[in-house]
Amino acid sequence: MSLLELQRVHVHYGLIQALKGISLTVERGEIVTLLGANGAGKTSTLRAISGLVRPSAGRILLEGTDLTHRKPHEIVELGVGHVPEGRRIFPRLSVEDNLRLGAFTVHDRTEIARRQEYVFTLFPRLAERRKQPGGTLSGGEQQMLAIGRALMMQPRILLLDEPSMGLAPVLVESIFEVIQRLNRDGTTILLVEQNARMALEIAHRGYVLETGEIVLAGSAAELARDPRVQAAYLGAA
Amino acid sequence: MRRPIRSFTVLLLLLAFVLAACQRAQPTPTPAPAAQPSPTPAAAASPTPAAQPTPQAQVTKPTDPIGVLEIKPGEPIVLAWMLTVSGGTAQLGEDSKRGIEIAIEDLGGELLGHKIELVGEDSGCNPEGGQAAATRLAANPRIVAIVGSSCSSEARVGAPIIDQAGLVMVSPSNTAPDLTDPAKHVDAYLRVAHNDKVQGRVAAEFVVNKLGLKRVATIHDGSLYAEQLANVFAENVQKLGGTVVAQEAVSPEDTDMRPVLTRIATQQPELIYYPIFNPAGSYITLQAKEISGLENVKLMSADGLLEPQTVQNAGQAAVGLYLSGPDLTVLGPKYQEFVQKYQQKYGTKPVAGFHAHAYDATMMIVEAIKKVAVQAPDGTLYIPRKALREALYQTKNFSGLTGNLTCDQYGDCADPKIAVYEVFSTDTAGWPDSAIRKIYP
Amino acid sequence: MALLETFHLTKRFGGLVALRDVDLVVQERAIHSVIGPNGAGKTTLFNCITGFLVPDAGDIRFSGTSITGLRPDLVARLGIARTYQNIRLFRHLSVLDNVLIGLHPHINYSLLDAILRTSRYRRAERTAEREARELLAFVGLTGKEFFTAVNLPYGDQRRLEIARALALRPKLLLLDEPTAGMNPHETEEMIRLIRRLRDERGITILLIEHDMKVVMNISDVVTVLDFGEKIAEGTPEEVRRNPRVIEAYLGRGAASGLGPSTLPLPGEA
Amino acid sequence: MIVHAARRAIFIGLVAGIAGWHLSLVGLIPAFAQRRLVGDALTFSYALLVALLALAAYATGRRYPGAVQRIPWGILSALLSSLMLFLLALLVTHLNLRQILLNATPELARVLTFGGGASGAGLVRLLLIGLLAGLFAGGLSALPRPWGRVIVSAALMTLLLGLLRDVLGPLLPQVVTSFLYGTAGLSLAGALVTFLLAAVLFTLRWSLRAKAVTARATAAVPATLRQPVTQALLLLILASVPLWAGLFLSNVADFVGFYILMGLGLNLVLGFAGLLDLGYVAFFAVGAYTMAVLTSPEVGQRFTLDFWIALPIAIVTTVLAGLLVGLPVLRMRGDYLAIATLGFGEIVRLLVLSDWLKPYLGGAQGVTRIGRPSIASWRIDSPQEFYLLVLLSCLFAWFLSVRLRDSRLGRSWFAIREDEHVAQAMGINRVTAKLSAFAIGASFGGLSGALFASLVGSVVPASFSLLVSINVVAVLVLGGMGSLPGVVVGALALVGLPELLREFQEYRLLVYGIVLIAMMLFRPAGLLPERIHRRELEEAVEEAREIAPAEIATGRG
Amino acid sequence: MTIAAPHRFTGGRRIDISQLIVWTIGGILLAIVLLGSILTLRAGHYTAAQWRDFVVFGIAQGAIYALIALGYTMVYGVLRMINFAHGEVFMSGAMTTFFLADYLNRSGFLKAHPWISLVAMLLFSGLVSMTVAVLVERIAYRPLRGAPRLVPLITAVGASFFLQYTFRGLFGSGVRAYPAIPVLQGKLWVFQKTQIAVFVGVLITLALLVLFLQRTRAGLAIRAVAEDREAAALMGVDVDRAIVTTFAVGGFMAGIAGVLYALVFVQVQFFMGFLPGIKAFTAAVLGGIGNLPGAAVGGLVLGVIESIGPSLFFDGYGIRAAHQLKDVIAFTILVLILIFRPTGLLGERLGGEERV
């Protein structure tokens with residue numbers, strides 16, 4: 001059984017259809033990336049998985065458990081972590097509070113403290129600023145916080161939406177390193193990324209979306225070589 | 001283009017119709033203009049039979065400049081009340097309403113072979129309520145006469161509307177001098193309550209002569225009653241040699257009177273006179289003594305607060321409060337009898353000061369109806385409206401519960417007897433005797 | 001001749017510098033693209049040009065006249081129209097009304113004319129409606145005049161947004177990611193439409209676009225923004241080969257593994 | 001499945017029971033126990049209780065496809081509600097709650113049990129009626145498409161006619177009245193005839209509408225109403241109101257007219273331009289007070305101008321007031337705009353109330369002896385005569401609304417309502433568009449106020465409370481925002497009906513609250529929605545129900 | 001070629017005529033107030049003690065505004081909606097608790113154990129108000145979450161009417177007077193004991209509120225939902241529950257405010273929630289809506305201005321019955337704040353104009 005499976009998922013916003021029957025799987029331990037232009041439906045796919053939008057048709061299964069009609073917080077409790085686009089940290093809450101929210105579903109205080117320590121060792125910068133409101137951090141630190149927060153969840157699968165957005169190249173690289181390290185430590189990752197090249201570099205497999213449909217699927221290496229991908233994301237007629 | 005032409009046609013059509021309708025509408029009974037408050041009983045020569053109705057002789061419907069009310073056999077004579085029966089002033093109106101009900105009961109619920117039906121509108125003790133209630137009553141063509149209103153503010157706005165509609169009203173508890181001021185009096189308006197020119201004077205005499213206090217402050221709440229009474233009181237105090245150190249105003253919805261009271265305290269008055277209503281009145285009672293500089297000030301109010309709620313709401317703070325109002329202790333045995341009926345019917349002693357006045361107002365109207373009504377052989381009753389008004393104005397030496405009533409040309413009919421009471425206890429179970437006692441005159 | 005110029009344009013939001021000293025020259029009848037990673041300041045640039053944001057420093061000139069700090073509606077009346085990245089139509093009005101609102105500055109009659117429906121009102125409304133229908137025909141929406149905008153399919157909404165912008169009779173049209181969310185076929189059509197705008201109507205186009213295919217395909221000039229700064233400008237060809245662009249825009253990953261050498265050139269694929 | 005269905009039935013039964021408790025304890029049920037609607041038996045209170053039980057049964061059964069399931073589950077709910085009512089009757093009889101709850105009287109127990117009292121007999125009666133109500137509701141909903149609706153509508157019509165006896169009785173020809181009505185409500189025969197007639201009418205209407213659906217489903221006004229002949233006929237009927245309606249009804253019609261005027265005015269601001277003004281009463285007050293100050297001999301300079309001179313001045317003053325309110329709130333939107341305008345409304349009221357301005361505006365006592373209009377020798381005095389003036393004003397406002405709506409200005413308002421930002425990018429001057437909406441909208445309110453002052457003859461500050469503003473908003477909401485016919489319907493329902501049913505006054509605002517909430521929950525676009533707005537609101541509310549709550553929070557899509 | 005209309009470039013800010021007019025009006029108002037204050041102070045009718053008393057009264061009244069304002073501000077912070085019915089939530093607690101107080105008084109318990117009684121009354125009132133607030137949320141607001149803003153605002157108005165007239169129907173329209181609590185009668189230095197009680201009550205409630213929000217899981221959830229509902233949901237926060245909790249806490253505080261109000265003003269009635277409701281809203285706006293300390297500060301400031309303002313601003317001009325104008329002052333402040341500083345006294349600027 002796949003860890004995550006989408007079966008012909010459709011999503012509508014009002015009358016506009018964002019997803020037109022997406023089917024995909026993510027296996028345990030994988031990094032899978034979703035590629036596509038703006039508006040192709042990548043973000044909608046993640047939102048459907050984490051329950052932020054309700055699919056109009058189709059099913060979403062997490063190890064066989066149906067997520068389709070569950071509320072977002074229930075889905076989180078089942079082990080799906082989602083780092084949304086634009087980081088979405090809580091700007092007026094302190095770094096610690098932000099992290100604590102990451103482990104909101106955990107009730108064991110020592111466990112929370114343990115995870116927090118883990119995040120702080122991963123991102124020492126955050127430890128220095130633990131009492132500071134999240135909004136006062138720099139862009140890169142905020143991204144660290146967003147990922148750190150997701151780490152606090154210790155999800156079975158982590159959905160990452162454009163982690164490199166708006167970041168300086170140096171930072172992008174370190175973020176991607178963290179993602180890889182996480183994956184090595186056992187977290188399954190579904191990654192949405194505009195920077196196709198980097199995404200394909202770390203991913204095992206990938207899907208290419210176009211206007212709400214999957215038009216290509218394959219291993220990362222295959223996709224990187226595929227002329228259509230090159231044309232679409234690297235600019236050729 | 002089609003559209004503009006079409007709409008234009010429609011407009012033209014409409015205009016034509018409106019004009020036609022106007023012409024048709026004109027003959028509908030146009031009430032007599034009431035702009036000039038001229039008609040004195042003498043001046044208004046009445047074309048209607050003011051004499052005793054003689055059913056046999058009168059077969060035809062009488063004529064009347066305002067209109068004639070026709071009551072078919074089996075239909076009731078409709079009397080109306082316009083009183084405040086909700087909110088903080090509900091006791092005042094409720095008390096009067098009971099007076100009317102007892103009067104009707106005393107009549108056996110019947111008049112000239114017709115049942116008496118009582119309808120009414122809550123007038124809320126504010127001008128707006130008076131306006132609304134009067135508009136509604138005015139629109140009911142079955143009403144013969146109205147007992148009301150409770151508060152002077154209601155009458156000031158309501159009376160002209162009642163007047164327009166050709167009805168007549170007799171108030172049991174309006175006391176503001178303005179209402180019967182020759183320049184401002186409306187023809188449809190009479191009252192059996194005292195004029196506050198009297199109450200204000202008595203209150204001032206009590207304060208200056210009896211208590212010997214010279215420095216007074218007044219507070220009104222914007223109502224006609226309170227404002228005028230406060231003014232009359234102030235004038236009289238000055239006449240008697242006292243000084244009015246402050247004249248303030250609050251609004252009926254205010255709850256925190258402390259700032260106003262503090263302002264007053266800067267002038268160091270010996271007594272504060274606030275002839276207003278509940279709940280605002282109770283707030284002043286409650287909060288006055290808290291103010292530094294007012295610890296020893298005397299408090300005095302008037303008939304608007306002459307009800308158990310004043311004591312219930314203010315509790316211990318009410319003890320020592322002076323209240324002016326109609327003197328019910330000098331009334332004769334008829335009144336005592338009435339109080340017993342009241343107690344029997346409603347399980348409590350009268351809750352405010354104007355039940356007897358309402359009773360008298362009702363009876364006065366009934367007398368006038370008897371005088372002017374014309375009864376056809378088939379039992380149809382005709383009541384000429386203008387004549388009814390005049391009959392009311394001609395009331396002389398009508399022996400009522402509150403004294404001998406004689407109406408003057410501006411509608412003042414009362415036989416005013418004013419007393420000052422003092423609250424001596426917070427026990428309202430046996431209101432009024434258990435909580436207040438008359439101390440003046 | 002330059003239609004639009006910006007000099008040292010700077011805009012800050014709190015501590016964040018969204019635009020820093022941006023100099024931009026858009027030639028008349030050019031198709032000029034602005035590219036850059038998300039958050040590079042492209043949309044802020046648009047908002048400054050259209051008057052929704054007042055720059056903290058610098059100057060914007062349109063046809064030689066400074067329009068810095070001018071109210072948005074006045075900027076629009078001067079002939080600068082725009083579309084939005086996430087389509088912003090008057091969602092609940094009809095397609096025709098959407099375009100008619102765009103014609104707003106070009107309809108002339110007084111309130112009294114409207115109330116009395118004078119001949120001037122009728123004439124103006126008739127001409128306006130004719131023009132609106134022409135515009136709708138131009139973008140290919142004939143027959144959908146009375147649809148409610150929100151009910152149009154996605155591609156049609158994009159086209160309607162352009163028709164509405166054209167109703168202003170602009171000299172300069174700012175397009176914010178006009179092909180976002182379109183499939184290749186629709187993208188093709190959009191590219192054609194943009195070309196026609198320039199060729200048939202003589203409208204200068206300033207374009208924000210993520211789809212490199214589109215950018216490389218139709219641009220005369222490409223400007224690259226990164227962190228609010230202009231880092232490169234030139235023909236698509238030049239920009240593509242600019243190392244700074246490669247590093248900033250495509251990430252340093254470009255250096256390893258899949259190097260810039262493998263970047264396909266226009267016409268190569 | 002069964003467990004689920006039972007849970008649902010029980011839940012709805014309990015909710016209906018609680019609603020019954022509420023209606024009883026706030027006094028609605030005991031107060032109208034004597035108000036007979038049909039014959040001697042059916043009082044208003046009984047009708048209300050039966051309706052409640054039937055509604056519970058209907059709501060429960062609604063979910064299920066066939067009568068077989070609808071009826072039994074419905075009955076279960078109705079019976080449960082009956083039991084709840086009986087429980088209340090028991091409590092009221094055996095516990096003395098009167099000290100706290102005003103209406104917890106033994107009388108209430110009698111009414112609740114349909115005269116049986118809190119005893120076995122009462123219980124049997126209640127359960128029986130619950131059973132019947134359940135059967136009835138289930139049966140109705142099981143009928144083929146139009147019939148259930150026709151029967152319910154006809155029954156409601158009959159009850160309404162019974163309720164309006166005192167109003168309608170005098171208007172109808174003697175013969176009809178004496179046939180239809182008994183001493184209190186409808187006579188039994190009258191009720192039967194009314195019911196049948198209404199049923200026929202509703203059937204006709206339904207079949208007509210079924211035909212029309214294919215033609216013009218979206219039009220707010222039925223197509224027939226667009227014919228000039230029909231329009232002229234309608235106008236004739238409207239203009240003839242004072243000829244047959246009598247003093248009371250004309251008076252009510254005048255007040256409805258004032259609210260239609262205000263509704264049309266606010267419609268420009270709120271319906272067209274999308275600016276929520278919760279202080280609209282300020283304009284009504286400015287119009288009324290200008291008229292008062294200019295024509296009354298009581299205050300200020302004692303101008304005592306003629307009505308016809310004062311009227312345009314009043315309107316101009318209101319326009320200025322509109323600009324004055326509009327200017328500072330130009331940049332505000334949504335809630336903030338609502339609250340700021342509310343503040344303005346209150347400030348106006350407090351100022352006219354104050355002693356400070358008393359010499360000029362009359363203070364708490366207001367101003368009386370306000371001038372009446374006259375045309376040549378004809379003095380417009382009575383509510384009947386005034387009606388024509390009000391009607392003309394309403395028609396004028398309507399006309400103006402239509403013309404503005406179809407103009408360039410109207411379109412710029414719509415644009416602002418839809419998306420202020422884009423509207424500006426389309427060359428629309430936000431300042432002029434908004435200010436013109438405020439100014440023109442205000443002028444209607446001013447006109448309404450001036451007429452109001454003149455008709456009533458007096459103005460007092462308390463007539464200009466926040467309640468008026470909220471009333472006008474509610475008129476728009478009920479009718480459908482942006483919809484002109486909606487304004488008329490809203491005003492008739494929210495101003496006209498309560499005036500006619502005056503006994504219910506004490507409960508008017510209670511019912512009002514319920515109506516506002518229920519409308520927003522079940523029919524947010526109003527009774528006669530404007531095409532465009534309906535889509536917007538229903539869409540949004542639908543989405544609110546469909547999509548997970550978090551989705552909406554950020555409005556992301 | 002059209003030439004652009006002349007304009008001034010002011011670097012980051014644009015000023016148009018409409019704004020200029022508004023600023024001028026604001027300036028004139030300020031001048032009137034300042035001049036009036038100077039005139040009053042120079043006339044010197046009031047002693048320092050009296051000014052102090054004004055402030056004390058203002059604080060007592062303002063503390064109650066503050067408590068109600070906290071409810072407004074919390075709901076606004078979390079839902080971005082104005083809970084127009086909040087004043088009625090406050091009323092429902094005070095009205096219902098009257099009967100408990102009356103019972104305690106009659107049975108003599110109030111005299112024997114005044115403190116226990118007081119705590120019982122506070123808790124009872126809080127619970128009643130809390131229930132009402134939660135019910136309102138469930139019935140009138142939750143089904144409409146996400147609808148255009150006008151919609152919940154209208155249901156809120158509806159709920160407000162419904163509650164007012166339900167209570168009128170249940171308990172009658174008369175005014176009820178709370179029994180006096182013996183230990184709270186009289187003065188302590190310059191303060192009434194009731195005033196002290198109110199102030200202490202408000203402080204304790206505030207402290208508890210802050211502890212709740214800062215230290216508990218539910219508080220954390222509320223804070224997270226207030227900042228970003230969607231992100232909070234992604235952290236596993238049950239958004240619905242957090243919102244209900246917000247209403248519950250806000251309602252509870254309104255209930256406590258109800259009893260404190262009754263301590264100071266004694267009389268309660270069905271309509272009592274309306275004005276304090278609007279005033280408290282003003283206070284919330286004044287302090288920056290959505291900002292908790294802001295609501296508290298706003299309440300106190302408003303109370304004090306209302307108390308001191310009429311005398312200070314208007315006495316100098318010799319305006320009659322200046323205290324009638326205290327609500328004019330309150331509403332003018334409301335409007336001015338909305339115009340000139342919509343984020344309130346303590347609110348942060350959220351970036352001037354809407355970012356596109």
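Student: What is the strand order of the open sheet of six strands in chain B?

Tutor: Some ground rules come with that. Strands (E, at least two residues) and helices (H or I, at least four) are DSSP runs numbered from the N terminus, and two strands pair if DSSP finds at least two bridges between them. Here the order is β3-β4-β2-β5-β6-β7 (chain B), and the pairing is mixed. At the edges sit β3 (110-111) and β7 (189-191) of chain B, each pairing on one side only.

Student: Before we go on, what kind of model is this?

Tutor: This is a predicted model, in which local features need pLDDT of at least 70 and side-chain atom pairs count only at pLDDT 80 or more, while totals for chains, interfaces and linings use all residues. Residues are numbered from 1 along each chain as its sequence is written, chains are lettered from A and ligands numbered from 1 in the order in which they are written, and side-chain values use heavy atoms, leaving out hydrogens and water.

Student: In which sense do β2 and β4 of chain B pair?

Tutor: Parallel: β2 (residues 77-83) and β4 (residues 114-122) of chain B are joined over seven bridges. For a spot to look at, find Leu83(B), which stands opposite Asp122(B) in β4(B).

Student: Which strands does helix α3 of chain B lie across?

Tutor: Contact means heavy atoms within 4.5 Å. Angles run from 0 to 180 degrees between N-to-C directions, with axes fitted to C-alpha atoms, for helices over the stretch in contact. Helix α3 (residues 127-138) of chain B lies across β2, β4 and β5 (143-148) of chain B, at about 170 degrees to β2(B). Helix α4 (residues 152-164) of chain B packs on the sheet too, touching β2, β5, β6 (169-171) and β7 of chain B, and makes about 165 degrees with β6(B).

Student: And what is the strand order in the sheet of chain A?

Tutor: That open sheet has six strands in the order β6-β7-β8-β3-β9-β10 (chain A), with mixed pairing. Its edge strands are β6 (80-83) and β10 (213-219) of chain A, and the twist averages 15 degrees from one strand to the next. Inside it, β3 (residues 31-36) and β8 (residues 188-192) of chain A pair in the parallel sense over four bridges; Val32(A) stands opposite Leu190(A) in β8(A).

Student: Which chains make the most contacts?

Tutor: Chains D and E, among the nine pairs of chains that touch. There, 63 residues of chain E are in contact with 65 residues of chain D. Buried area is the accessible area (1.4 Å probe) that two parts lose on being put together, summed over both; for chain E and chain D it is about 5600 Å², 76% of it on carbon and sulfur atoms.

Student: How many salt bridges cross the interface of chain E and chain D?

Tutor: Zero, by that rule. On the side of chain E that touches chain D, α6(E) gives the most, with 16 residues.

Key. A salt bridge is a side-chain nitrogen of Lys or Arg within 4 Å of a carboxyl oxygen of Asp or Glu.
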